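Here are my notes on the model you sent. Please read them with the structure open.

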Amino acid sequence: MSESEHYGGADVADRVLASLDPENIDRLAALDQFHVGGAAASRRLADRAGLREGLTVLDLGSGLGGPARLLADEFGADVTGIDLTPGFCRIAQELSVYAGFAETTRFCAANALVLPFADDSFDAIWTEHVAMNIGDREALYRELLRVTRPGGVLALYDMVAGPNVASFVYPVPWASEASQSHLIDADALRRVVSEAGWTARHFHDESAAALDWLANARPPKGVDGPTLRDVMGPDFPRMIANLRENFEAGRLEAVQAIFEK
Ligand SMILES: C[S@@+](CC[C@H](N)C(=O)[O-])C[C@H]1O[C@@H](n2cnc3c(N)ncnc32)[C@H](O)[C@@H]1O
């Protein structure tokens, strides 16, 4: 299964947009915050990164665009999102038009390893739950350094391997099978980002917050519009259950970190 098949297949945008209720657009978090912890986790990362009015942000692996809209809405950022899955970019763009963020957010299909931007283009790089799909981390963090202006920041929120990763169970939200998953542990993450030329400013273990959210989050009641289950298909509840089991068994941990160029 290819990565774009894993992420909803070719008709994902038609399916999701057809079931969207434009009157109910303010209740999108069940759909468009595609990471453990939802909007609250994005706010924690933005606070740690010191994001503020007027900064230009590249959202790497922007998914359905929820984090980009949150950064524009609550932190005054101007956000460009790129994502490997074209259907997700289409959904993200249309949701931004519906929700009034067409001026401050934009999305295009691209591979994180070959970014269509000039050197020093952005004040900040933002990436949540994407690097687990990318094997060549050295190339990734070097490419991110290239498009960031000197003094700019990299804000990342990633799943990392725990000590018991050998018994990891699939499927999980980023991978149907092991060949799609490229987990490294927290020390290796810190090392590979630093070796690419970034300076670590903050490095937080988010595992407890992630597990708490997985244990307590419930599907929202009274939300008429589509949710991530509509995007990812009937296996999505099993992916979330496996995620929680992997955390509880010490196979998986979570990190939020800020680096500076
Ligand atoms: C779990 S989703 C996270 C989406 C979003 N960051 C969020 O938190 O709501 C992972 C996203 O990474 C994207 N992705 C995976 N590999 C990628 C790559 N090499 N380049 C760009 N995007 C990628 C997928 O298409 C998917 O939208």
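1. Which residues of helix H7 (residues 137-146) are buried? They are Leu140, Tyr141, Glu143, Leu144 and Leu145. Buried means that 20 or more other C-beta atoms lie within 10 Å of the residue's own, with C-beta atoms placed from the backbone. The cover over these H7 residues includes strand S1 (56-60), strand S4 (122-128), strand S5 (148-161) and helix H8 (186-195). Helices (H or I, at least four residues) and strands (E, at least two) are DSSP runs, numbered from the N terminus.

2. A word on the source. This is a predicted model, in which local features need pLDDT of at least 70 and side-chain atom pairs count only at pLDDT 80 or more, while totals for chains, interfaces and linings use all residues. Residues are numbered from 1 along each chain as its sequence is written.

3. Now the helix pair. The axes of H4 (residues 38-49) and H5 (residues 66-75) come within 10 Å and cross at roughly 55°. On the H4 side, Ala39, Ser42 and Ala46 make the contact. H5 brings Pro67, Leu70, Leu71 and Phe75. Contact means C-beta atoms, placed from the backbone, within 7 Å.

4. Last, the ligand. Phe34, Gly61, Gly63, Thr85 and Ala112 come nearest among the 24 residues around the ligand. A residue counts as near if its C-beta atom, placed from the backbone, lies within 6 Å. H5 and strand S2 (78-83) are the elements that give two or more residues to this shell.

Methods. Axes fitted to C-alpha atoms, helices over the stretch in contact; angles between N-to-C directions. Contact = placed C-beta atoms within 7 Å. Buried ≥ 20, exposed ≤ 12 C-beta atoms within 10 Å, placed from the backbone.
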